[in-house]
Amino acid sequence: MSSIKRTAVLGLVGAALLGAVPTATAVFAQDAKPELANKLDPNAKEIDEPVLKAATAVKEEDGKYLDKDGHPTFHITNDGKKVDWYTYSGYRRYHAECHVCHGPDGMGSTYAPVLKDSLKRLSYEEFYGILAGGRQNHTAGNESVMPAFGDNKNVMCYANDLYVYLRARAAGAWGRARPGEKEEKPESAKTAEKECLGG
Amino acid sequence: MRAVHLLALGAGLAAASPALANESVMKGIANPAEQVLQTVDYANTRYSKLDQINANNVKNLQVAWTFSTGVLRGHEGSPLVVGNIMYVHTPFPNIVYALDLDQGAKIVWKYEPKQDPSVIPVMCCDTVNRGLAYADGAILLHQADTTLVSLDAKTGKVNWSVKNGDPSKGETNTATVLPVKDKVIVGISGGEFGVNCHVTAYDLKSGKKVWRGHSQGPDADMIMDPEKTTSLGKPVGKDSSLKTWEGDQWKTGGGCTWGWFSYDPKLDLFYYGSGNPSTWNPKQRPGDNKWSMTIWARNPDTGMAKWVYQMTPHDEWDYDGINEMILTDQKIDGKERPLLTHFDRNGFGYTLDRATGELLVAEKYDPVVNWATKVDMDKGSKTYGRPLVVSKYSTEQNGEDVNSKGICPAALGSKDQQPAAFSPKTNLFYVPTNHVCMDYEPFRVTYTPGQPYVGATLSMYPAPGSHGGMGNFIAWDGVNGKIKWSNPEQFSAWGGALATAGDVVFYGTLEGYLKAVDSKSGKELYKFKTPSGIIGNVMTYEHKGKQYVGVLSGVGGWAGIGLAAGLTDPNAGLGAVGGYAALSSYTNLGGQLTVFALPNN
């Protein structure tokens with residue numbers, strides 16, 4: 001019923017930013033250290049096991065957590081009370097830039113999809129591509145359009161943060177709440193933010 | 001001979017000068033069988049003199065007929081009825097249908113503009129449209145992409161069309177228009193995209209642009225006379241806007257004009273409100289940011305501003321000032337005065353003298369409003385007319401990257417665009433309201449043309465410590481600034497109200513109910529669940545001696561965002577799931593007109 005047309009053209013800045021997508025560097029599971037394991041809320045009700053498993057962090061680089069494919073992921077500890085910096089940052093940016101269409105906590109609206117569910121299916125590369133390039137969905141009586149954020153620094157400079165937050169939502173590792181406790185803002189995050197926003 | 005010649009010239013001038021108000025609109029307003037404006041009348045009372053359906057028999061209402069619009073989006077506004085034809089509009093792509101009521105609502109003509117779908121995501125908060133207007137045999141449509149079209153009401157053929165803005169810069173439209181005299185006045189949206197918003201008058205016959213007045217910038221841009229334009233009784237002075245912005249920030253200042261227009265033919269002034277200043281981060285735009293968040297009175301021929309009143313100087317909460325201005329004549333301290341009543345997003349119900357802009361009443365119309373203690377009514381005070389902001393809820397004082405908690409109302413306001421009604425029989429305003437609070441955290445953003453320019457993280461939840469619902473439907477005494485009665489609603493009351501001479505007040509709810517309540521007591525007299533949530537405005541008309549009540553269903557709008565998923569529960573423990581009741585458990589997307597009538601005996 002619904003045909004999906006992907007907008008292939010990316011903004012110039014978007015293309016430049018896309019260049020910053022980390023190339024997948026395989027990290028072996030045996031590299032995983034116990035301190036990278038999530039310690040989730042024991043009462044969490046919406047855990048999606050396969051998504052959670054795929055999102056397991058095997059490596060940490062200055063507060064940035066990576067899965068076995070080298071994609072950014074979340075790190076939640078203290079029985080689900082504490083998050084890594086990027087999950088927190090993603091929550092903030094999501095509720096500034098995305099929730100106007102996609103609803104609070106990635107729950108969707110009457111005219112934009114439930115990202116908490118979309119992120120169960122979308123790969124990191126697909127997510128990045130849609131964010132930068134946009135997409136259009138045509139269904140009977142309802143046309144929905146995701147804009148291209150490729151040249152929007154307020155979004156693209158935080159693309160990984162958004163991904164990490166939404167991935168935590170999709171895995172059921174983080175619920176419908178604003179993160180309270182969080183890891184310190186990493187120095188590398190400060191530097192990258194400054195460089196990306198351009199002062 | 002000379003004298004005669006002059007006389008003839010005088011007569012010629014009189015004939016050429018625009019007719020007072022607009023005769024066709026005045027005629028339509030005077031005939032309660034029809035509805036020619038979204039606002040029902042120029043005064044925006046949304047009061048109908050029809051009384052066949054009344055407080056005694058409304059319980060017998062039945063569905064008379066229905067019509068699907070074919071679009072599954074938020075349906076705001078209402079159909080119009082002119083003669084035997086009903087005009088129905090839709091959200092994007094803004095289709096217009098002309099239905100012949102004499103022929104069982106047969107589609108006589110259909111107009112479907114071709115618009116670039118890239119306008120969709122530029123429209124903050126859904127692709128709604130608040131409807132058509134009728135004047136001089138033409139149907140006026142202001143499309144999402146800001147194309148203003150005049151259609152021949154008989155055939156649907158385009159008389160003329162003109163582009164009011166540029167969607168690639170974030171300029172879009174959701175509002176209806178005001179036909180007045182020989183002009184049509186239109187607004188523009190884009191407050192979340194850093195647009196420098198304005199109102200513009202076009203010639204009703206040709207579509208030619210006549211004047212444009214901005215919400216901020218140099219006096220000439222705003223069509224303001226520093227000596228003659230007043231605020232709270234005093235001339236605004238030179239550069240009244242420029243002085244309240246840092247540098248060039250006014251150029252991306254917002255102050256959008258996506259609300260309703262009202263008009264007073266006697267004073268020859270029209271009224272509207274300007275929206276929030278861009279960005280939502282107050283730290284990034286020091287100053288009062290005039291004249292965003294302002295009630296405006298302008299002359300329709302020249303655009304000249306007669307008076308302005310800024311309700312929320314230096315907005316820190318996104319309390320857009322665009323809600324409707326309802327014009328009534330009531331006694332204040334024993335003296336009949338021309339009044340303007342406005343229920344602002346900021347939670348205060350204002351009553352002003354609409355001739356002078358004098359502030360008469362400013363009281364909270366939801367008791368939970370907490371961001372300001374009151375509006376300073378002391379004329380001798382330095383802060384006269386300003387809200388007295390509570391530091392704890394000041395996102396400016398708390399600063400960037402600080403989460404200010406428990407602010408009431410939320411950004412969607414104690415009331416959003418959903419228009420209130422006024423009954424001259426009870427002298428009460430009937431107001432659909434939101435009962436929602438928020439946490440608000442501003443942070444720094446950069447501006448890119450055509451991209452959102454928000455700069456704050458928000459979370460919203462039902463007013464804590466109240467009835468748990470997210471709305472109320474209230475009756476308000478505008479002279480004394482008091483709530484007369486208040487009916488709790490589970491969801492925000494997002495449908496526009498209609499008051500009738502039958503002592504009934506109608507409104508729609510987000511679950512999809514059309515409700516009828518007693519205008520004196522608020523007692524519920526009738527309800528019917530329509531196919532989708534209602535964010536449209538109830539309308540009424542008469543056809544072949546029978547009164548009908550109609551309403552558009554189709555959930556969406558800003559209400560469709562948070563409420564679709566259920567708002568966050570502020571009391572839930574970390575990681576808790578669910579939050580408050582989700583609207584999606586009660587209704588689904590739709591696009592339908594439901595028309596009600598009393599049964600034939």
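Glu76(B) is buried, because 30 other C-beta atoms lie within 10 Å of its own, and 20 or more are enough to count as buried. Please keep in mind that we are looking at a predicted model. Glu76(B) sits in the loop that connects strand 2 (62–68) with strand 3 (80–82) of chain B. Leaving aside residues up to four places away in sequence, Glu76(B) touches Val128(B), Asn129(B), Arg130(B), Ile535(B), Gly536(B) and Gly557(B).

Arg130(B) belongs to the loop between strand 6 (106–111) and strand 7 (133–135) of chain B. Is Arg130(B) buried or exposed? Arg130(B) is buried, since 28 other C-beta atoms are found within 10 Å. Its contacts, again without residues up to four places away in sequence, are Gln38(B), Glu76(B), Gly77(B), Thr174(B), Ala175(B) and Thr176(B).

Turning to the annotation, an unreviewed UniProt entry places the feature "binding site" at Glu76(B), Arg130(B) and Thr174(B). These positions span 99 residues in sequence, yet no two of their C-alpha atoms are more than 9.1 Å apart, so they gather at one spot.

I now move to a sheet elsewhere in the numbering. In chain B, an open sheet of three strands has the order 27-30-31, and its pairing is antiparallel. Which strands stand at the edges? They are strand 27 (404–407) and strand 31 (456–462) of chain B; each has a single partner strand, so one side of each is left without a neighbour in the sheet. On average, neighbouring strands of this sheet are turned by 15° against each other, direction ignored.

Strand 30 (residues 436–442) of chain B is joined to strand 31 of chain B by seven bridges, and the two run antiparallel. Within strand 31 of chain B, Tyr461(B) is the residue that stands opposite Cys437(B).

Leu428(B) counts as buried because it has 22 C-beta neighbours inside 10 Å. Not counting residues up to four places away in sequence, Leu428(B) touches Ser423(B), Ala475(B), Trp476(B), Asp477(B) and Lys484(B). Leu428(B) and Ala499(B) are 71 residues apart along the chain, and their C-alpha atoms are separated by 9.8 Å.

Chain A as a whole can be summarised briefly. It contains eight helices and nine strands. Of its 199 residues, 48% are buried. Among the contacts in chain A between residues at least 6 apart in sequence, 72% join residues at least 24 apart.

Finally, the confidence scores. The average pLDDT of chain B is 92, with 93% of the residues scoring at least 70. Over residues 1–18 of chain B the pLDDT is below 50, and this stretch has two contacts in the model beyond near neighbours in sequence. The pLDDT is also below 50 over residues 571–579 of chain B, where the stretch has 25 such contacts. For the model, ipTM is 0.76 and pTM is 0.90.

Technical notes:
Residues are numbered from 1 along each chain as its sequence is written. Chains are lettered from A and ligands numbered from 1 in the order in which they are written. This is a predicted model: local features need pLDDT of at least 70, side-chain atom pairs count only at pLDDT 80 or more; totals for chains, interfaces and linings use all residues. A residue is buried if 20 or more other C-beta atoms lie within 10 Å of its own, exposed if 12 or fewer, and partly exposed in between; C-beta atoms are placed from the backbone. Two residues are in contact if their C-beta atoms, placed from the backbone, lie within 7 Å. Helices (H or I, at least four residues) and strands (E, at least two) are DSSP runs, numbered from the N terminus. Two strands pair if DSSP finds at least two bridges between them. Axes are lines fitted to C-alpha atoms, for helices over the stretch in contact, and angles run from 0 to 180 degrees between N-to-C directions. UniProt positions are given in the numbering used here, feature names are shortened, and annotations may be inferred rather than shown by experiment. pLDDT is the predictor's confidence in each residue, from 0 to 100.
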